[in-house]
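Here is a short briefing on how the parts of one model meet. Keep the structure open as you read.

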Amino acid sequence: MAKKLGMTIDLKRCMGCHTCSLGCKMQNNVPMGMLWNRILTIGGEDVDTARGEFPSLEKSWMPLSCLHCENASCVKVCPVGATYRDEDGRVLINYDRCIGCRYCMAACPYNVRVFNWQKPVREPGHSYGEAPVRAKGIMEKCTLCVERTAKGQEPRCVEVCPAKARKFGDLNDPNSEVSKAIRERGGQQLLAEKGTKPQVYYLR
Amino acid sequence: MENRGNLKMSLGILGLLTLLGLIAWVYQLSNGLIVTGMRNVVSWGLYITSFMFFVGLSAGGLIVSSSATVFDIPAFKAVAKPAVILSTVCIILAGLFIVVDLGSPERILYLFIHPQFQSPLIWDVVVIAIYLVVSLLYLKHMTQPAPDYRKLATMSAVALPAAVLVHSVTAWIFGLQIARVSWHSALMAPLFVASALDSGLALLIIVLAGLERYSDYKVEPKLYASLAGLLAAFVAVDAFFVFSEVLTAAYPGEESVTAALGLLLSGPLAPFFWVQVVLGLAVPFVILASAANRQSKSKILLAAALVIIGVFCKRVWLLFSSFLLPLVEGAPGITLGQAPAAGAKLDMWAMAGSYTPTLVEWAIFIGIISFGGIMFIIAARRLLWAREDTARGIRIAPTAAK
Amino acid sequence: MGLSRRTFIKTGLAGAALGACGALPPVSKWLRQSDAASDPQEKVAYTYHPPNCGGRCSFKCTVKDGKLVKIEANEWPDKRNSLVCLRGLSELERVYSPDRIKTPLKRVGERGEGKFVPISWDEALTTVAGKLKELKDKHGGKSIYLKASSGVEHPMFSLATMLGAQFTNHAGIDIGLSGGLHQITGVGLFGPMNNEVTDWVNSKTIILLGNNFLETSMTDAQFFYDAKEAGAKIISIDPSYSTTTTRCDQWISLRPGTDTALILALINQVFANKWYHEDYLRKNSTAPFLIREDDKKLFKLGDKYQVWDKNSGSFQPYDAPGIQPELEGDFAADGVKLQTVFAALREHTKGNTPAWAAKITEVPEQVIKDLAKQYATAGPAVLAWGWGGPDKWYHADSLGRAGGILAALTGNIGRVGGGVGAANHHLPGYFAPFKGWPLPKDKGFAPAKPEMPATDFPQKPNSVRAVIIQGNTLNQWLANAHQTAAWLKKLDLVVVVDIFHNDTVNYADIVLPTCTNFEMEYDCYNLQVRRNHIMMMQKVIDPLYESKTDFKIEQELAAKLGLAQYLPKTPADLNNARLKDPAPPLKGITVETLKANRYIQRLNAPWEPFRSNMNQVYATPTKKIQLYSEVLLPFGAGFPSYEEPQEASPHNPLFKKYPLQFSQAHTRYRAHSSFSNARWITQIIKEPKVEMNPKDAQKRGLKNGDLVEVFNDRGKFQARYQATPDMRPGSIRVSEGWWSKYFAAGNLQNVTNSANNPRGYPLSHGPVIPFNDTLVEVKKAGGAN
Ligand code: SF4
Ligand code: SF4
Ligand code: SF4
């Protein structure tokens with residue numbers, strides 16, 4: 001059976017450390033001013049602040065990157081087929097095809113796509129990681145670390161998470177770690193009502 | 001003679017503005033869309049607003065001219081030619097706004113080499129292409145010394161649904177997006193068609209008046225009144241759809257929809273919303289509803305101008321109401337996609353969208369419209385006044401054919 | 001346009017069509033670069049990460065075309081440690097930071113002004129050496145003081161020794177609680193927990209006392225969650241709602257600085273409910289020792305402490321075999337009444353009832369009672385404190401002692417699943433000391449005896465005339481920055497060896513650019529032992545700009561002083577010497593074996609979690625847990641008591657003027673002042689924020705994001721106010737380590753308390769700097785007072 005790669009993120013374990021975010025940045029040569037994977041504080045107005053009134057407070061973190069939707073609205077709208085779903089269920093962008101119309105960006109309910117509004121600026125002054133360079137005027141986003149996962153490695157964010165909050169695997173395999181976690185913990189899809197069927201599940 | 005001088009001067013000014021726009025575009029090409037006010041949160045701006053707007057404007061002309069033939073309304077036939085020219089120019093401008101909006105315009109032909117027919121944008125490419133071809137053919141046949149009226153009629157029969165389709169498809173670009181609460185509505189297509197009808201007709205009225213003022217082209221005064229009556233009806237329809245849409249959105253009180261609605265009624269988009277509702281719908285309707293006012297060309301022109309402004313505002317609120325409030329909330333928000341200047345503190349996040357067009361965008365906007373002006377003037381000169389005699393002939397011809 | 005054939009085909013018609021307009025972006029940019037991983041020009045090197053988060057994560061670095069392009073976790077023999085955190089990853093940018101010092105610099109403005117001109121290495125070293133020689137000749141070696149920041153891999157200890165200079169590597173920081181705990185258990189520097197964090201799965205209760213573990217020991221997070229999933233109840237005692245608190249089972253917020261009262265109340269409850277482990281205390285502690293009523297000293301016969309032996313009905317030396325010491329009873333000798341330490345302690349804490357503590361700590365009485373019960377009766381329990389909170393208070397030693405006593409009474413020291421101390425910094429674990437570099441014996445090389453704790457240098461007259469600083473020490477380490485600046489301005493010579501242009505550099509006469517630990521002139525560099533492993537640094541890239549390693553700088557400075565011949569030629573020589581004739585955990589490990597094993601090897605140590613004191617032998621004079629301190633008797637502190645904070649107390653008259661307690665907490669975003677300038681991290685947190693409860697802010701008319709001034713009599717600084725409901729009203733916080741350039745004005749150290757508690761001097765590592773024992777007021781910047 002074809003694979004359907006997916007991920008679980010345990011929000012009980014995630015401690016908002018941003019390591020996965022920077023790991024992703026390094027792995028994927030992500031330029032300054034954008035991130036493929038960002039950590040949202042579910043709390044107050046600023047990063048790491050709670051909501052509520054002392055001492056009745058609430059704070060947690062939610063990492064957010066492309067959720068690799070099975071019914072991806074970004075794939076549907078791309079006029080030139082630059083955004084596509086590969087045979088293992090990754091939603092990818094063909095950087096040589098993208099015309100920069102940003103329709104996919106408007107179509108994604110999660111605001112996870114990022115666009116090269118300018119010539120990418122990299123600090124340090126050179127490219128890093130394993131992903132190819134993207135040009136100005138091109139869309140990009142999480143690829144489920146295709147350069148790694150195609151070789152059977154885990155995505156970088158899964159590998160580096162110090163809290164071991166992330167798991168990666170085949171959702172079509174009922175015995176995979178992710179399938180089990182989703183079953184046992186009642187994995188939830190983000191904005192499930194949109195029908196995009198994300199392959200990244202949150203465990204709450 | 002005076003006309004000729006005016007013409008040269010207008011063409012000169014328009015040419016200069018077009019050139020400025022072109023320079024701005026070159027600047028945008030070499031620096032990227034970072035020179036616009038768009039960023040990752042609000043990722044479409046003035047260009048797409050204008051695209052919607054001009055698709056709509058192009059409708060009026062074609063609908064008037066083709067319904068003249070299809071429904072056989074002789075009064076409209078009189079203005080069929082300028083109407084089609086106007087439609088053609090507007091649809092070209094709409095296309096240009098897409099080109100300048102692209103991040104990688106050098107790949108624009110991919111739209112034809114690698115079309116992906118699932119995408120409403122490709123539907124739009126297809127219908128706009130058809131629309132453009134139809135308009136051009138229509139124009140060609142209309143301006144033949146001896147037009148073939150059967151062909152013209154067939155073409156009209158294609159042009160009318162094409163016009164409706166263009167607006168519907170453009171609407172579906174937005175309306176089919178479940179990600180964007182204020183777009184995702186079945187009413188989006190009727191709403192677009194309604195806007196197209198009133199703004200397109202309003203523009204036609206203004207252009208006809210302009211032609212009269214600056215050339216030898218003559219329009220029967222009665223025609224203004226009947227066009228104005230039609231405009232009043234279109235405005236009423238538009239108002240009805242807007243009301244229905246807002247009511248449907250507001251009534252259930254769903255959280256994200258209510259938030260988007262808040263933007264319109266009292267938030268940052270309120271000026272655009274209320275300008276449209278009051279100045280763009282209510283006032284023109286009141287003006288045009290009175291038969292006495294419909295006899296006054298200046299009042300009709302005022303109403304028409306208001307309608308156009310109103311529809312532009314409507315495009316603005318329609319587009320941005322969906323961009324400003326991300327569905328997934330949480331600090332620090334969304335990365336803007338803008339690298340900091342050297343030495344500056346990194347500020348790359350936004351919790352909510354904001355957008356102001358930059359000078360570059362305005363320059364390109366004005367440039368494109370000026371280019372449209374040039375196209376219209378040249379086309380009008382060649383097809384309308386240059387052959388006044390034949391033109392008059394055409395005007396009589398349909399009646400003869402009966 | 002320079003289109004190659006290939007690019008032309010790739011970009012195709014579109015490019016050709018639009019090429020005519022001449023406004024295309026460079027076509028080469030549309031092309032994919034080959035993957036870093038598949039390039040033949042690339043190499044892999046292994047190193048570890050030295051910043052003072054304590055982690056010392058081992059890295060696998062990929063270098064391409066001489067540039068660092070990838071940082072990954074090296075594979076550790078114990079794979080659970082194969083981790084890297086955001087700071088480690090941010091090195092990819094930080095190494096190439098524009099803040100790097102590129103050449104040696106000479107000061108041209110005033111000290112502190114930060115005006116410099118570049119000079120050559122030769123001029124820099126000649127100047128420094130000349131001055132040092134002059135000072136040593138005129139004023140002796142003790143006029144020179146060397147200090148290295150905690151993340152510095154090669155402190156110039158040999159140079160200091162040869163100069164006869166004063167040299168302290170650690171003083172005043174992270175030793176407040178451990179100074180107290182050391183009195184009880186003899187624990188070493190920084191007071192690491194007895195049990196390694198991997199042992200927490202065996203605990204039933206884990207109390208995190210002012211310990212934001214998930215931020216400060218991020219790479220140990222998995223063990224926290226493992227323990228939680230294994231059923232441990234994890235309780236956070238923290239005035240404010242920390243990251244760690246959010247993941248705990250219970251949160252107890254107390255008034256800052258009153259932790260000792262809370263722990264004393266727990267001790268009180270242990271006595272009241274007889275939850276203490278009698279047998280354990282009898283055998284392993286000084287509980288049966290006898291306190292004389294007259295001078296409060298412990299009763300001795302000859303030089304032996306005595307206990308009352310139940311078996312023989314007589315006084316016996318405490319370590320006599322076969323005795324059964326009494327924990328209670330009325331005893332006397334030579335007409336002096338004697339009381340057991342156990343009984344005296346119970347008496348001492350009699351008044352420390354939960355009700356009493358509730359008033360002081362503002363924790364409800366019942367919560368204290370429940371906490372005592374949970375800790376004392378639920379099974380093995382951990383009391384794990386941090387260094388960023390309760391450690392940085394004037395009376396921290398009392399808390400360290402109270403904690404030690406509580407753990408001892410409940411038998412939680414030397415117990416599976418137990419332990420007391422600092423859990424952070426990845427410090428608890430099997431350890432193996434290295435040998436030092438053997439300087440020739442016959443030259444009489446010896447460092448000067450430290451005149452006073454180094455934290456006193458800016459405060460008391462002393463002989464220091466020159467300082468050589470490796471790192472951003474003077475800003476980061478010393479409180480009360482204006483006091484520090486005044487001291488620095490008086491000195492004859494200030495030399496700063498650093499990578500980046502940070503605050504300390506501004507005070508230097510001569511600045512020497514060192515390199516990051518990815519760069520070196522040698523094929524390998526330093527050694528470290530952490531988390532039961534030994535690691536070595538491999539060269540990753542060449543030193544950038546004109547920078548040199550600290551090793552090389554020490555060597556070249558020594559050469560100018562005619563002393564280079566006594567130093568190792570290369571770091572490998574030093575490492576070989578360190579591993580020669582090694583301690584058992586290091587047996588068989590050499591520079592060569594490390595190279596053959598990706599520069600990391602496990603110590604020869606058992607695989608089960610490290611637990612110290614399992615044999616119930618302690619590094620104290622009596623080899624037992626010493627519940628009573630004779631050392632602190634002169635201060636009337638044989639047992640710890642609760643004292644109001646020295647400054648940050650509502651009973652302090654200053655409180656009227658400055659009613660807010662100010663603390664500087666550690667965060668995950670920096671390791672002290674390292675990474676303040678890491679732009680990958682400042683993407684997320686771009687500037688210091690004054691974190692304050694909105695209620696406190698409202699009283700001061702502040703809106704979220706307002707620029708505010710924090711001030712007291714010592715000084716002031718400005719930053720933006722951040723609405724932080726997490727903060728306990730009455731307390732504000734700015735996370736530590738920000739360089740001044742990130743503040744709108746000043747630096748947080750301008751307001752911090754530098755007072756030294758006299759009771760700290762006789763303690764193992766001297767008095768602690770009471771950074772958090774600070775009162776301030778906040779107002780809108782620019783506004784009227
Ligand atoms: S999360 Fe967004 S970008 Fe990713 S697959 Fe889904 S719709 Fe597309
Ligand atoms: S690395 Fe893990 S704990 Fe840290 S933010 Fe990412 S998911 Fe959360
Ligand atoms: S900062 Fe500490 S935890 Fe992070 S990678 Fe470096 S050594 Fe490891």
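How much area do chain B and chain A bury between them? The answer is about 4,200 Å². Keep in mind that this is a predicted model. The size of an interface is often given as the accessible area lost when the parts come together.

**Chain B with chain A**

- Carbon and sulfur atoms account for 58% of the area buried between chain B and chain A.
- Chain B brings 55 residues to this contact, and chain A brings 53 residues.
- Three residues of chain B stand out: B:Arg107, B:Val328 and B:Ala331. They supply 14% of the area that chain B buries against chain A, more than any other three residues.
- Between chain B and chain A the count is one salt bridge.
- B:Asp101 pairs with A:Arg102 in a salt bridge. Their closest N and O atoms are 2.6 Å apart.

**Chain A with chain C**

- Chain A and chain C bury about 4,800 Å² between them. Carbon and sulfur atoms give 58% of that area.
- The contact draws 55 residues from chain A and 61 residues from chain C.
- On the chain A side, A:Arg13, A:Leu22 and A:Phe54 lose the most area to chain C. Together they make up 15% of what that side buries.
- The count between chain A and chain C is nine salt bridges.
- A:Lys59 forms a salt bridge with C:Asp726, with the closest N and O atoms 2.6 Å apart.
- A:Asp48 forms a salt bridge with C:Arg668, and here the closest N and O atoms are 3.0 Å apart.
- This last pair crosses between loops of two chains. A:Asp48 sits in the loop between strand E2 (38–42) and strand E3 (51–53) of chain A. C:Arg668 sits in the loop between strand E25 (660–663) and helix H20 (679–682) of chain C.

**Salt bridges overall**

- Over all chains, the count comes to 65 salt bridges.

**A helix pair in chain B**

- Two packed helices are described by the angle between their axes and the distance between the axes.
- In chain B, helix H6 (residues 120–142) packs with helix H7 (residues 149–175). The angle is about 150 degrees, and the axes are 9 Å apart.
- Why do H6(B) and H7(B) count as roughly antiparallel? Angles over 145 degrees count as roughly antiparallel, so H6(B) and H7(B) fall in that class.
- H6(B) and H7(B) cross in a left-handed way.
- The residues of their contact divide into 21 nonpolar, three polar and two charged.

How values were computed
Residues are numbered from 1 along each chain as its sequence is written. Chains are lettered from A and ligands numbered from 1 in the order in which they are written. This is a predicted model: local features need pLDDT of at least 70, side-chain atom pairs count only at pLDDT 80 or more; totals for chains, interfaces and linings use all residues. Side-chain values use heavy atoms; hydrogens and water are left out. Axes are lines fitted to C-alpha atoms, for helices over the stretch in contact, and angles run from 0 to 180 degrees between N-to-C directions. Helices (H or I, at least four residues) and strands (E, at least two) are DSSP runs, numbered from the N terminus. Angles under 35 degrees count as roughly parallel, over 145 as roughly antiparallel, 65 to 115 as roughly perpendicular and the rest as oblique. A crossing is left-handed if the near helix is turned anticlockwise from the far one by less than a right angle, and right-handed if clockwise. Ala, Val, Leu, Ile, Met, Phe, Trp, Tyr, Cys and Pro count as nonpolar, Asp, Glu, Lys and Arg as charged, and the others, Gly among them, as polar. Contact means heavy atoms within 4.5 Å. Buried area is the accessible area (1.4 Å probe) that two parts lose on being put together, summed over both. A salt bridge is a side-chain nitrogen of Lys or Arg within 4 Å of a carboxyl oxygen of Asp or Glu.
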